[in-house]
Amino acid sequence: MSGTFVGMPAFPKAAHEAVGNQTLRANLRHATHTIRAKRANAVAEVSDWAELREAGKRIKDHTLRHLDRYLVQLEESVTAAGGIVHWAADADEANRIVADLVKETGESEVVKVKSMATQEIGLNEALEAEGIRAYETDLAELIVQLGKDRPSHILVPAIHRNRGEIRDIFTREMSEWGRPAPEGLTDTPAELADAARLHLREKFLRAKVGVSGANFMVAETGTLVVVESEGNGRMCLTLPETLISVVGIEKIVPTWRDLEVFLQTLPRSSTAERMNPYTSTWTGTTDGDGPGTFHLVLLDNGRTDTLADEVGRQALRCIRCSACLNVCPVYERAGGHAYGSVYPGPIGAILSPQLRGTASEIDASLPYASSLCGACYEVCPVAIDIPEVLVHLRERVVQGGPVTREGNKVVLKPAKGHGAERAAMRAARWAFDRPGALRAGQRLASRTRRLHPRTLPGPGKAWSATRDLPAVPAEPFRDWWQRTNGGTTDEGTAK
Amino acid sequence: MSSRERILGRVRRALADVPQDDTPYGEAVARDYLREHGARSTEETVELLAENLADYRAVVHRCGADELPSVLARLLTERKAATVLVPPGLDEAWLAEADAARVADRMESGAHELDRVDSVVTACAVAVAETGTIVLDGGPDQGRRRITLVPDHHICVVRVPEQVVSSVPQALERLDPARPLTWISGPSATSDIELDRVEGVHGPRTLEVILVG
Ligand code: SF4
């Protein structure tokens, strides 16, 4: 996976720096607390949440357990509907396929729907190197792109920026990329959104090639689904003549009916809405409506390696709702950039080291970027037991053992020179240096299943034999959460 | 070896632990979640649709079938719409009283042409009460996906109660996945700037829904 942020320090160092950034912390706290409270309401509205969550988990698990069959079925149905399917084993191959497809059209620019998969493979940079300009069209991605910045949240990538910063970025950078920002632009969100509307409309209307990801792919029918709010997705999916979708192989659901589960759980978990403003589905091509040519690039890039790990494979159930980010006390303080990958927060802490392996210092440190409080598991709409995978990956990093890399079984050596353990200790020290984070971690632990024993079970036993696990404090997690409003006494932001 | 074979091979090796007789799809998922949330009369379901549409800042109107032409004419006048885009199969009688010049949804009409149109009027395929969603399926009275996207003002006519369902599961049952579908819940919106909700950015900034029946 080439999505490592180049030169990114390991988590503890990056987090340390982020914690010192007051603007970032204030923006993040406001944002995560607002979404968190709204999500709880949206979830409370449906009385069968537990059943929907269980169904979502089982659909995804079943699909993953038979992924070969569903991939072949998907390929057949997409092809039958007029689409063209490509397979990409890694980031380089996916980028090459997309670049070649764009070149075949004779175009040198593309409009893009926000997509984690294309960020993961570094598509924009790869296209740039081939002389193709990729325009991000999601407002937040536009802010990130114009600011020569990196996304810091799955759903609201510019969550770390406030309105004043955004105004300055627009005023300074828009003219470089196309229509300049209007004279005298103020920092009201409505005016900023309007500036983005005018700037991007010019691009949509002339675009010949669109690039997207997808939230779901239906094996039975060959249908792709994109869930969004702004309408930039619809623009990119319907106005261009050619559409190229790059989608991770884990995004399959078996049948059309399965969407009834995820179209209920995804919006409520992510933007805390009953339904997001726009959902588009398309099956191959339709005469006279939308792109005449449709390419689907199926992306592996570490997913099959993740699939090979019986504990870790559950990370592939993720529907990228970002609920786990918004409840994570570590994410709230450290910010998304500290995770050094396009997948920040708790899901990033288990997904990135699996997709990329734990060879680098940042990846080896990611399984420690958590207080194991369990809040991420509680909110996850597909019930990924993130704490379980974190503990599993920690053992892997420290003890070594069999893993699959690029399809081959290899035996991971115990962390060389205890580098990973050093990273772990630095992560711990980081937490101990920050009373707020430590307090949160300790108190949250009181109610979690996994930290009650003083030693770890199974292969972790040896590791924990010489180390004390944190003592469990008396106050239960829920009480603490209620009393302090999730780690802060500031009541003002939640609504 | 092609990448297709390589990836499929990796998947199969990764799943070596999964037994041949693993639980089949039909039994793997308990569908014990609800088909709809709560019991409502037909009229209450329509009420809920109206409420949830309004909650997401769509402007909702209700009228009888005979009043539809005058309501449409009034909404277009209020909007000062000089041009209105109509899909090929839209009932002509609907716009009989409207002054705005009709623009046909032609194959050749490019995006720039659509951008100059003031308003668009369409029917819908189904509406979901619990979520406040209208779904368009590209049928002759709804037109291509782009016509409800580029103009800034969309008026959608929903026939009640026959086009209204309670829930997302019921909506999916009625829809044909082979057709391109657009699910719309309120106008285009963004919360990307400090999570303040702003209508617009790209899709129509005003969505009006007329519940007819
Ligand atoms: S891990 Fe679960 S909560 Fe986190 S983004 Fe994925 S689906 Fe959402």
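Biologist: Which residues does A:Arg201 touch, not counting residues up to four places away in sequence?

Modeller: This is a predicted model, in which local features need pLDDT of at least 70, side-chain atom pairs count only at pLDDT 80 or more, and totals for chains, interfaces and linings use all residues. Residues are numbered from 1 along each chain as written, chains are lettered from A and ligands numbered from 1 in the order written, and side-chain values use heavy atoms, without hydrogens and water. Contact means heavy atoms within 4.5 Å. The residues touched by A:Arg201 are A:Met235, B:Asp115, B:Val150 and B:His202.

Biologist: Is A:Arg201 buried or exposed?

Modeller: Buried means under 20% relative accessible area, exposed over 50%, and partly exposed in between (1.4 Å probe, protein chains only). Because the relative accessibility of A:Arg201 is 9%, A:Arg201 counts as buried.

Biologist: Where is A:Ala89 found?

Modeller: Helices (H or I, at least four residues) and strands (E, at least two) are DSSP runs, numbered from the N terminus. In chain A, A:Ala89 is found in the loop between β1 (84-88) and α5 (91-105).

Biologist: Which residues does A:Ala89 touch, not counting residues up to four places away in sequence?

Modeller: A:Ala89 is buried, with a relative accessible area of 6%. The residues that A:Ala89 touches are A:Asp300, A:Asn301, B:Ser3, B:Arg6, B:Ile7 and B:Arg10.

Biologist: What separates the C-alpha atoms of A:Ala89 and A:Ala349?

Modeller: Along the chain, A:Ala89 and A:Ala349 are 260 residues apart. Their C-alpha atoms are separated by 23 Å.
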